[in-house]
Amino acid sequence: MTPYSLAFYMDVVTSGTVLGVGPAASPDCVTRALGSDFGENTFGNRSMCRDYGLAEFFWDRDSAHHPWSGHHFTLQVHRLAYRDRTLVNETLRARYGRFTPRLRFGKLQRLLERRGVPLLEIPEIPANTPYFRTFWQPDSHVAVSVIGTYGEYSTPGNLRVGDVYQIQAPMAAEEVEWRRRRVG
C-alpha cells in the first residue's frame, strides 16, 4: 500500500475525481463527499467556489434562476507547506491518513508509471515559464503543476524545485493542443 497522502494524489490523478466526485458534480454532491466544513465565495450570482482547505471546487451558471454547473476542481497542494494540520479536512484524513507538507513530483510520477498512468509534460503558459512546469494525464484530464525553478516573487519560498504546486481537473485535450501550437 502506498503511504499516506501519496495514495490520495494517485487516486485523484488516475480517476480525475476527489473521493469519486468529479469536476462536474453539483455543490450538494461535493458536500456529501467532503463534508459541510467549507468556505464559500460567490462572484455575483453566476460563479461560486467552495474551499475545503486542500480542495477547491468551482461552479458557474447562466443566471440566478439556473442550477450550478461544475467547472473544475483544484488541489492547492502548496498550502500544505505551511504545516497547518487543519488544512486537510476530516473526511480526507480519515480515509488517507496524514498528509506530508510537500509532494515530490518525481515520486508521484514514478508510482503512477508503475500503475501504467503516464504524466506527459506539456508546454507551460509563457507567464509561468520557467518557474512552473505542467504535466498532463490524458485519460483522466488531470494537470499537475510543479515548481520548475525558484524565482523570488514568482514561486513560494517554502517549496523546492520539483515540488507539486497544485493539481487541477479537468484540462481538456483542446487546451493541451492549444499550448502545443503556441510553442510551435
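Me: Which residue in E8 is the bridge partner of Phe73?

Reply: Ala169 in E8 is the partner of Phe73. Two strands count as paired if DSSP finds at least two bridges between them. Before we go on: this is a predicted model, where local features need pLDDT of at least 70, side-chain atom pairs count only at pLDDT 80 or more, and totals for chains, interfaces and linings use all residues. Residues are numbered from 1 along each chain as its sequence is written, and side-chain values use heavy atoms, with hydrogens and water left out.

Me: How many bridges join E4 to E8, and in what sense do they run?

Reply: Three, and the two strands run antiparallel, with E8 covering residues 164-169. E4 also pairs in the antiparallel sense with strand E3 (residues 55-60), over six bridges. There, Trp59 stands opposite Gly70 in E4.

Me: What should I keep in mind about side chains along a strand?

Reply: In a regular strand they alternate between the two faces of the sheet.

Me: Why is E4 called largely enclosed?

Reply: Buried means under 20% relative accessible area, exposed means over 50%, and partly exposed lies in between (1.4 Å probe, protein chains only). Five of the seven residues of E4 (residues 69-75) are buried, so the rest of the structure largely encloses this strand. Across the chain, buried residues make up 46% of the 184.

Me: Is Ala7 buried or exposed?

Reply: Ala7 is buried, at a relative accessible area of 13%. You'll find Ala7 in helix H1 (residues 5-15). Its C-alpha is 15 Å from that of Gly106, a residue 99 positions away along the chain.

Me: What elements does the chain have?

Reply: Helices (H or I, at least four residues) and strands (E, at least two) are DSSP runs, numbered from the N terminus. This chain has five helices and eight strands, in the order α-α-β-β-β-β-α-α-β-β-β-β-α.

Me: How does the radius of gyration compare with that of a compact globule?

Reply: Take it over C-alpha atoms; the globule rule is 2.2 Å times the number of residues to the power 0.38. For 184 residues, a compact globule would have a value near 16 Å, and the chain's 16 Å agrees. Along the principal axes, the C-alpha atoms fill a box of roughly 45 × 40 × 35 Å.

Me: What share of the contacts links residues 24 or more positions apart?

Reply: A contact means heavy atoms within 4.5 Å. Among contacts with a separation of 6 or more, 48% come from residues 24 or more positions apart.
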